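Please look over the sequence and the model first.

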Amino acid sequence: MEALKAELKNKIITTLNLEDIAVEDIADNDALFGDGLGLDSIDALELIVILDKDYGIKLVDPKEGKTIFQSIESMAAYIQANRTK
Amino acid sequence: MTHNKTYIHDYCTIENNEIVLNGTSVFKMEPTIFADFSKQAYRNFDMQYPKFFKMDALSKLAFLGSELLLSPITSSDKENNIALVLANKSSSLDTDVKYQESISDKENYYPSPAVFVYTLPNICLGEISIRHQLKSENSFFIFEAFNTEFMSNYSNILLNLNKADMVLCGWVEFFNDNYKAFLCIISTEENTKYTNETINTLYNK
């Protein structure tokens, strides 16, 4: 689980071009949107692509995203429970 | 319509790894790719806008030039009625090609929303508008070459019809790491700095 969280932080920084943010700057329970990392709606779509491309998870109901993408912790837990690759 | 004389106030040129503001070189690097040049320029001017790193090359080019011209004159506590009128030759082709390449493998088909949103040239106007909270007129034109007469006339009409207090007008061309930006601020407020200059003469300097 810890390795998956670190992997997710790296992927998010690289894919979303968070140039001035390091892995150490993101706590497991930090909010990814709003006052936390400040991600936007396009970033949310990129996170959906990451789930599909890297973990074989297709989000059927976009509303689920709000819970899944709350933090690195919630994202990692969802991936661990649902990944197909 | 009253035909007030219009004046160029400030201008900025970005090409060949150099940024020239009002005729003075303000940032220059040894030859490098635009991705590196634009990042170093952003850091040099301490622009403090992380969304910059998410932009495509065309938007970064337009953003860098507009930032140097608009930051000194815009304010977050008042409405800034500054119209944006930009043009180029290659539209958003640089990003279009990258996007097309990213979806060409049917076995690995994961279109990137973050790349797709930049497959229109006028997105760079949106980026500038968001940065400076502009709710003003904006237009992006595609020409074979910089049509200074058209751009000047269009800007003058906006100013004379009171559609804008100022116009940020210019050329932002980017394709395959070849680029040139020329941006200038025009208004009806008298300015003696460039009385003998036109958009055309400044662009070709």
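**Chain B**

The model is predicted. Chain B contains 7 helices and 7 strands. Starting at the N terminus, their order is β-β-β-α-α-β-α-α-α-β-α-β-β-α. The radius of gyration of chain B is 17 Å, close to the 17 Å that the globule rule gives for 205 residues, so chain B is as compact as a globular protein of that length. The C-alpha trace of chain B spans about 60 × 40 × 35 Å along its principal axes. Of the 205 residues in chain B, 37% are buried. Among contacts in chain B with a separation of 6 or more, 69% join residues 24 or more positions apart.

**Nonpolar cores**

In soluble globular proteins, nonpolar side chains tend to be buried together. Here the largest nonpolar core has 50 residues. The residues with the most contacts inside this core are B:L61, B:A62, B:V167, B:L168, B:V172 and B:A181. Each element of chain B in the table supplies at least two residues of the core.

| Element of chain B | Residues |
|---|---|
| Strand 1 | 7–15 |
| Helix 1 | 34–44 |
| Helix 2 | 57–70 |
| Strand 4 | 82–88 |
| Helix 5 | 123–132 |
| Helix 6 | 148–160 |
| Strand 6 | 166–175 |
| Strand 7 | 178–187 |

Helix 2 of chain B gives the largest share of this core, 9 residues. Apart from the core lies another one, of 14 residues, which includes A:L18, A:F69, A:Y78 and A:I79.

Which residues does B:V167 touch, leaving aside its neighbours within four places in sequence? B:V167 is in contact with B:I82, B:A83, B:V85, B:S155, B:L158, B:L159 and B:I186.

**Helix 2 of chain A**

Helix 2 of chain A covers residues 41–55. At 1.5 Å a residue, its 15 residues should span 21 Å, and the end C-alpha atoms are 21 Å apart, which agrees. Which residues of helix 2 of chain A are buried? They are A:D43, A:E46, A:L47 and A:L51. After helix 2 of chain A comes A:G56, which has a positive phi, near 65°.

Technical notes: Residues numbered from 1 in each chain as written. Chains lettered and ligands numbered in written order. Predicted model: local features only at pLDDT ≥ 70, side-chain atom pairs only at ≥ 80, totals over all residues. Helix = DSSP H or I, 4+ residues; strand = E, 2+ residues; numbered from the N terminus. Rg over C-alpha atoms; globule rule 2.2 N^0.38 Å. Buried ≥ 20, exposed ≤ 12 C-beta atoms within 10 Å, placed from the backbone. Contact = placed C-beta atoms within 7 Å. Core = buried A, V, L, I, M, F, W, Y, C linked by C-beta atoms within 7 Å. Expected span 1.5 Å × (residues − 1).
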